[in-house]
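Here is a quick tour of some strands, charges and surface patches. Have the chain open and follow along.

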Amino acid sequence: MKSVRRRGRLPIYLTIAIACSLAPRLGMAFDDEPESAVGSVMRLWRSGRVAVDRLPSLVDIVGSRGNEHDLRFLYDQVLTAVDWPVELRLQGLRQLLDAAETRKVQPTGDLSGIEYLLTSDDAATKLAAVALCGAWNVSSSTGTLQSLALDAATPADLRRATVRSLVQLGDEAAGETLRAMCGTAQTFEIRSLGVAGLVNLNVEEAADHAAGILEAPGGSDDPRVVLDAFLQKQGGSDVLAAAIEGREIQEDIAKLALRYMYSVGRSDGSLSTALGRFAGFDADPQPPTPEEVALIAQEIVESGDPVRGEQVFRRGDLSCFKCHAVSKAGGQVGPDLSAIGSSSPADYIIHSVLNPDRDVKEAFISLTVATVDGDILQGIFVDRTEDRLQLRDANGQLIIIPIDDIDEEVEGKSLMPKGLVKFMTRQEMIDLLAFLTNLGKPGEFAIRETQRMQRWRVLRGADMEVLEDVPTPTTYSALVLGSQNWVPAYSWVNGRLPLDEVSAADLSPIQYVMGEIDVSEPGDMQFVLNSADGVTAWIEQDEVGSQAQFLRRLEAGRHRIVLRIDLRERSDAGVTLEVQRPQNSSAEVVVVDGM
């Protein structure tokens with residue numbers, strides 16, 4: 001059953017108990033309703049005695065356990081209840097979508113009313129309505145979905161949901177729309193999504209379009225959407241490999257495609273070989289022999305530079321941080337590497353990089369799932385219930401697979417790419433191994449022992465209004481704190497966030513970075529920066545100004561610390577932030593790590 005957030009809501013067990021106790025007094029007999037696991041809750045809800053602020057718990061219960069008649073009542077409420085706030089309506093829509101996708105249950109009767117929400121001004125509501133049109137096979141929505149799919153102004157997330165719904169509808173009109181999206185007059189993004197949708201209707205036709213896209217992309221175009229579509233379709237990578245034979249794929253796009261494949265733990269033989277020819281790469285290297293391992297271990301000692309190796313580890317094309325955390329900052333798909341150098345011998349580390357399938361810890365063995373629709377999904381096991389299987393893929397994204405959709409499960413190996421060293425020189429490989437063999441040892445690469453910020457967020461695409469000057473409180477709230485354009489960034493092992501890396505993406509001398517802390521016990525906290533030069537700091541809405549150390553009392557909960565950094569005023573190329581508890585303070589705080 002889907003987990004339920006309970007803060008500020010009536011606990012589930014108490015809701016059910018109240019419903020059962022009130023039902024007889026309401027004069028309602030259980031036999032009057034279709035058999036339902038939540039009949040008592042439904043009686044309580046229909047009684048009209050539940051305040052709107054208590055409805056979220058009932059929506060969760062009915063959505064996760066109700067039958068088609070219960071879901072009909074929920075659906076009608078979502079569409080017609082005038083006193084429902086947007087958040088509650090959105091919760092109801094998401095529960096209806098979850099019921100359709102994981103339990104294969106949908107409301108009874110005509111569902112075309114969902115189309116009214118396709119014109120909603122609320123982006124999240126519109127997105128949920130689009131998804132439900134596909135999940136419920138609302139064929140009358142095809143025209144609106146066609147318009148959304150082909151409109152260049154449609155946001156990317158909404159277009160992705162629209163394509164998925166068109167695939168679920170699967171009618172002739174949907175197919176025509178996907179083919180129109182693949183046309184050469186469309187943008188790269190629209191063509192890629194069109195191909196991704198068409199894979200589910202005609203994989204050979206989609207592969208022909210995909211080969212054309214890969215043959216002539218723009219300089220900044222990313223092939224991952226196209227690749228994902230074929231990698232997730234049984235036999236899809238072989239079909240795409242055959243389609244690009246005889247084409248003229250640019251060397252750079254072939255390298256990007258290979259890097260992405262390896263970053264998600266896929267090295268499908270035929271496609272890897274085909275792309276490798278265009279990229280100028282040979283086949284994946286064979287696992288090292290004992291003699292080669294001994295030679296590499298010697299090179300690590302004699303010429304390996306762990307500082308340079310940390311730079312290799314941080315390279316975006318290698319995607320190490322997507323799967324691994326260092327000092328708890330980074331991905332959770334693979335093991336945390338913070339202490340690997342102090343806990344593992346050099347030969348084990350060498351094999352882990354060059355032959356990752358050799359010694360895979362049980363908790364990180366991948367699971368490959370084939371669905372009844374011919375999809376191939378791969379990730380690390382997270383959880384299984386009677387309704388769904390949850391995996392975490394190499395991008396750190398949660399994959400939810402309905403149990404009824406599973407055709408076959410096969411225990412795989414490591415998600416770590418086997419051909420990763422193809423993207424490194426020999427010296428880069430030696431330096432990377434030197435870095436890993438030093439992690440956790442005393443010195444520059446020791447395990448973090450203080451509440452020091454390791455995982456940050458960096459603001460991308462900042463408005464000129466907040467770049468030209470320190471923003472006013474209103475502007476800061478709207479354009480900085482309220483922005484959705486924060487992307488991950490990670491400090492070096494020693495805690496320094498390299499500002500040259502942070503600014504490399506947009507070359508702006510003004511950068512906004514954010515760290516987060518979780519306060520479990522309120523109290524005074526001391527924040528310590530290595531330098532206040534060029535820095536303006538905020539804790540949530542509270543502007544601190546430019547101070548290397550500042551004391552604040554914070555209540556329990558999560559808090560964001562935002563720094564506006566003018567690189568032109570800094571002599572230090574990095575920034576560190578540590579949270580300390582002053583003497584006699586009762587505060588308990590931890591920095592937020594992870595992705």
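## Ground rules

A residue is called buried under 20% relative accessible area, exposed over 50%, and partly exposed in between (1.4 Å probe, protein chains only). By that scale Asp 463, at 37% relative accessibility, is partly exposed.

This is a predicted model, with local features needing pLDDT of at least 70 and side-chain atom pairs counting only at pLDDT 80 or more, while totals for chains, interfaces and linings use all residues. Residues are numbered from 1 along each chain as its sequence is written, and side-chain values use heavy atoms, leaving out hydrogens and water.

## Two surface patches

Patches take residues with over 30% relative accessible area and no salt bridge, joining like charges within 9 Å and nonpolar side chains (Val, Leu, Ile, Met, Phe, Trp, Tyr) within 5 Å. Asp 463 belongs to a negative one, together with Glu 465, Glu 468 and Asp 469. Look for Asp 463 in the loop between strand S8 (455-459) and helix H22 (464-468); helices (H or I, at least four residues) and strands (E, at least two) are DSSP runs, numbered from the N terminus.

The nonpolar patch brings together Val 382, Leu 398 and Ile 400, with about 220 Å² of accessible area together (Shrake-Rupley method, 1.4 Å probe, only the protein chains shown counting as cover for residues). Ile 400 sits in strand S6 (residues 398-402) and is partly exposed at 41%.

## Back-to-back hairpins

## Salt bridges

With a salt bridge taken as a side-chain nitrogen of Lys or Arg within 4 Å of a carboxyl oxygen of Asp or Glu, the count comes to 27. Arg 277 and Glu 245 make one of them, with their closest N and O atoms 2.3 Å apart. That pair links distant parts of the chain, 32 residues apart: Arg 277 is in helix H15 (residues 269-279), Glu 245 in the loop between H13 (236-244) and H14 (251-263). Arg 277 is exposed at 52%, whereas Glu 245 is partly exposed at 44%.

Glu 251 and Lys 255 form another, at 2.9 Å. They are four residues apart in helix H14, so about one helical turn separates them.

Methods: Lys and Arg count as positive and Asp and Glu as negative; His and the chain ends are not counted. The place of a charge is taken as NZ of Lys, CZ of Arg, CG of Asp or CD of Glu.
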